[in-house]
Amino acid sequence: MCLAVPGKVIEAAENPLGMTMGTVDFGGIRKEVCLAWVPEVEVGDYVLVHVGFAIGTIDEEEARAVFETLREMGDLEGLELADPEAP
Amino acid sequence: MKFVDEYRGEAEASRFLDAIRGTLTRPRTVMEICGGQTHTLVKSGIDRMLPEELSVVHGPGCPVCVTPLEQIDRAIAIARRPEVIFTSFGDMLRVPGSDDDLLGIKAAGGDVRMVYSPLDAVKLAQANPERQVVFFAVGFETTAPPNAMAVWQARALGVENFSIVCSHVLVPPAIDAILSSPENRVEGFLAAGHVCTVMGTREYAPIADRHRVPIVVTGFEPLDLLQGIWMTLCALEEGRYGVENQYTRVVRPEGNRHARAVVEQLFEVCDRRWRGIGTIPESGLRLRPEFGSFDAEKRFEVGDIVTEESPLCIAGQILQGVAKPSACSQFGTGCTPEHPLGAPMVSSEGACAAYHRYGRVT
């Protein structure tokens with residue numbers, strides 16, 4: 001099962017075993033997520049969550065790369081492209 | 001949803017489709033090897049929008065589908081035991097064994113429960129000390145760290161009534177096996193983006209070099225797949241091979257070393273049988289000897305199992321990308337999601353389930 005979903009870290013704290021656990025918001029739905037593998041993450045960052053574990057962080061700059069490529073592809077006048085900055 | 005919705009735009013998809021049409025000069029075959037990607041391709045209709053000469057085939061990217069029938073039968077035998085609470089991810093519950101499935105065991109009074117995270121299974125073991133909680137640990141490299149963490153946590157907490165049925169498979173050996181087959185027609189691969197989030201991209205380079213194929217690490221949203229396909233096509237048309245990364249917002253070349261560390265600690269690589277394909281050397285994971293007590297197949301003696309595959313199920317051909325689900329004589333008739341003959345029709349990552357759900361009957 002490779003389904004992993006991006007979500008926003010709302011809070012984080014260490015549990016009695018020394019594992020960092022957090023609350024992640026997925027467009028309104030909040031779940032408890034293990035953040036042990038993303039030690040650099042801060043509240044407000046986006047993580048990729050798979051079966052209750054954050055397996056990586058989302059690089060907001062790289063997230064725009066797909067749209068940069070589309071722009072570079074040429075004539076895009078008249079096309080309203082999605083804005084990754086939009087909430 | 002942020003980082004999801006933006007990658008589903010129609011205008012952007014058209015732009016990539018135009019680029020694909022403009023780049024293609026001859027028939028090409030590209031394989032994706034992740035059930036999540038299969039589903040997006042079919043659900044979004046991309047498979048119908050691509051030029052006919054571009055064949056995108058589905059590989060064995062469904063860990064549920066490639067779990068050997070004997071192992072499913074052993075899991076079912078374990079689930080039948082009265083002291084066992086058998087837990088698993090949802091789609092494993094309806095995979096047919098030789099004569100039953102886990103949901104059938106539940107219907108007959110067995111304690112079978114779906115969990116979202118393997119840690120939930122450990123919690124169940126803590127809450128039910130007089131029972132044995134068994135978790136069906138299935139997956140690719142994406143799921144190995146969570147499953148390893150569950151066993152690690154059980155040991156750390158002294159939870160002894162917890163064990164796993166381990167069915168873990170690795171992607172690179174499967175790609176190698178497919179490319180090494182004399183009948184292979186695949187010229188390029190989309191590598192699974194979430195597997196690579198954990199593993200990084202480096203282990204694909206030797207495969208790309210050895211077989212001289214482009215391998216593009218690709219995400220799961222429609223625009224990701226279109227861009228990944230386009231990048232693969234550009235490489236093929238330009239005579240280039242090697243590893244590229246489309247899913248840069250998440251995948252780094254080094255992957256996630258913290259996640260890999262816990263897998264290294266708990267598991268070791270082993271040979272593994274893939275249902276419908278056969279044994280692929282060094283393509284699976286098993287618990288290391290020092291964690292052997294957490295192996296449910298050792299803890300519970302389930303005796304000799306005689307397996308019986310449906311003679312009508314062509315899952316092996318589906319999983320190797322040599323036949324499409326719609327070509328199967330039983331597709332939609334003798335084999336449906338409600339009454340599946342094989343795993344690819346049941347699993348949320350199976351190609352047959354995707355084709356059936358989104359109406360690809362021909």
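**Domains and chain contact in a predicted model**

The C-alpha centres of domain 1 of chain B and domain 2 of chain B lie 17 Å apart. The model is predicted.

Me: Which element supplies the largest share of the side of domain 1 of chain B that touches domain 2 of chain B?

Reply: The contact draws 24 residues from domain 1 of chain B and 16 residues from domain 2 of chain B. On the domain 1 side, α2 and β2 (54-58) of chain B each supply at least two residues. The largest share, 5 residues, comes from α2(B).

Me: What radius of gyration does chain B have, and what does the globule rule give for 362 residues?

Reply: Chain B contains 15 helices and 11 strands. Its radius of gyration is close to the value from the globule rule, so chain B is as compact as a globular protein of that length. The two values are 20 Å for chain B and 21 Å from the rule.

Me: How many residues of the side of chain B that touches chain A are nonpolar, polar and charged?

Reply: The contact between the chains takes 42 residues from chain B and 34 residues from chain A. Helices of chain B that each supply at least two residues include α1 (10-23), α7 (144-157) and α11 (222-237). The largest share of this side, 5 residues, comes from α7(B). By class, the side of chain B divides into 22 nonpolar, 14 polar and 6 charged.

Me: What percentage of the residues of chain B count as buried?

Reply: A residue counts as buried if 20 or more other C-beta atoms lie within 10 Å of its own. Applied to the 362 residues of chain B, this criterion gives 56%.

Definitions and conventions:
Residues numbered from 1 in each chain as written. Chains lettered and ligands numbered in written order. Predicted model: local features only at pLDDT ≥ 70, side-chain atom pairs only at ≥ 80, totals over all residues. Contact = placed C-beta atoms within 7 Å. Helix = DSSP H or I, 4+ residues; strand = E, 2+ residues; numbered from the N terminus. Nonpolar A, V, L, I, M, F, W, Y, C, P; charged D, E, K, R; others polar. Rg over C-alpha atoms; globule rule 2.2 N^0.38 Å. Buried ≥ 20, exposed ≤ 12 C-beta atoms within 10 Å, placed from the backbone. Domains from an automatic or database assignment.
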